[in-house]
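Here is my note on this model, as numbered points. Please read it with the viewer open.

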Amino acid sequence: MSMENEFKSGSGPKKFSYGQLSQATNNFEEGQKLGEEGFGGVYRGFLRESNSYIAVKRISKGSKQGIKGLRFPSLPREKPIDMGNKQCVVHRDVKSSNVMLDSNFNAKLGDFGLARFVDPEKQPETTLLAGTMGYLAPECVVTGKASKESDVYSFGIVALEIACGRKPLDSKVLESQMRLVEWVWDLYGMGRLFEAVDAKLS
């Protein structure tokens, strides 16, 4: 199903006009600004029709953020990409700060500035190293090749953060515990895995 058909059927992401987002954020009022990222500011907004709060990223002028070749159906004379069954999106920067919760505590993955379309049937292409240390799969660091599997690895690190109550890299603990994955793996090998669980979860 094409992106345009997904918008029409309601099965894909919801499409908003610039006017709707501007109204929701009081014309991107400075007081609504939650923070600044590499590609633009993030603003708090409120949608009256759905009675829900949202976060809106306003891309700065000259930014080249986004998936190369992506076309949005709301733009005139642009044809949306039909991903079909052969392409998928590799995010390349899955981490806890890119996971947002809506008003119903549903998790949403944000910040697709490093994302790429890939063909899962082909070998991953080598690119410049992208992502955040601590969340990167080892093969990405060594080869520079990102894949859907490396996104799954990064998601696993986020899950470990939640379970252990610790960042993936922590210089404030013993050297043997600085890298979360290695510390948890060592505990698993010793049959002491539950020692890694955040005490607040008990």
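1. A term first. A charge sits over a ring if NZ of Lys or CZ of Arg is within 6 Å of the ring centre and within 35 degrees of the ring normal. Arg 58 meets this rule: it lies over the face of Phe 28, at 4.5 Å from the ring centre. The charged end of Arg 44 is likewise placed over the ring of Tyr 53, 4.1 Å from its centre.

2. On the ground rules. The model is predicted, so local features need pLDDT of at least 70 and side-chain atom pairs count only at pLDDT 80 or more, while totals for chains, interfaces and linings use all residues. Numbering starts from 1 along each chain as its sequence is written, and side-chain values use heavy atoms, with hydrogens and water left out.

3. Overall layout. The chain has 5 helices and 7 strands. These are DSSP runs numbered from the N terminus: helices are H or I with at least four residues, strands are E with at least two. From the N terminus on, the order is α-α-β-β-β-β-β-β-β-α-α-α. Of the 202 residues in the chain, 29% are buried. Buried means under 20% relative accessible area, exposed over 50%, and partly exposed in between, with a 1.4 Å probe and protein chains only. Contact means heavy atoms within 4.5 Å. Among contacts between residues at least 6 apart in sequence, 42% join residues at least 24 apart.

4. Phe 28 deserves a look. Where is Phe 28 placed? It is in the loop between α2 (18-24) and β1 (33-37). Its phi is positive, about 55 degrees, although Phe 28 is not a glycine. Phe 28 has a relative accessible area of 7%, so it is buried.

5. Aromatic pairs. Rings of Phe, Tyr and Trp (its six-membered ring) pair if their centres lie within 6.5 Å; planes under 30 degrees apart count as stacked, over 60 as edge-to-face and the rest as tilted. The count comes to 4 aromatic pairs. One of them is Phe 28 with Tyr 43, edge-to-face, at 5.2 Å centre to centre and 80 degrees between the planes. This pair links distant parts of the chain: Phe 28 is in the loop, Tyr 43 is in strand β2 (residues 40-47), and they are 15 residues apart. Both Phe 28 and Tyr 43 are buried. The ring centres of Phe 46 and Tyr 53 are 4.8 Å apart with planes at 55 degrees, so that pair is tilted. Phe 46 is partly exposed at 25% relative accessibility, and Tyr 53 is partly exposed at 47%. Tyr 18, Phe 28 and Tyr 43 form one aromatic cluster.

6. Another positive phi. Arg 92, in the loop between β4 (88-90) and β5 (99-101), has phi near 75 degrees. Its relative accessible area is 11%, so Arg 92 is buried.

7. Cysteines. How many disulfides are there? The count is 0, taking a disulfide as a pair of cysteine sulfur atoms within 2.5 Å. Cys 140 is buried at 8% relative accessibility, and Cys 164 is buried at 9%.

8. Helix packing. Helix α4 (residues 148-164) packs against helix α5 (residues 180-189) at about 70 degrees, with axes 11 Å apart. Axes are lines fitted to C-alpha atoms, for helices over the stretch in contact, and angles run from 0 to 180 degrees between N-to-C directions. α4 and α5 are therefore roughly perpendicular; that class covers 65 to 115 degrees, with under 35 roughly parallel, over 145 roughly antiparallel and the rest oblique. Tyr 153, Ile 157, Leu 160, Glu 161 and Cys 164 in α4 meet Leu 180, Val 181 and Val 184 in α5.
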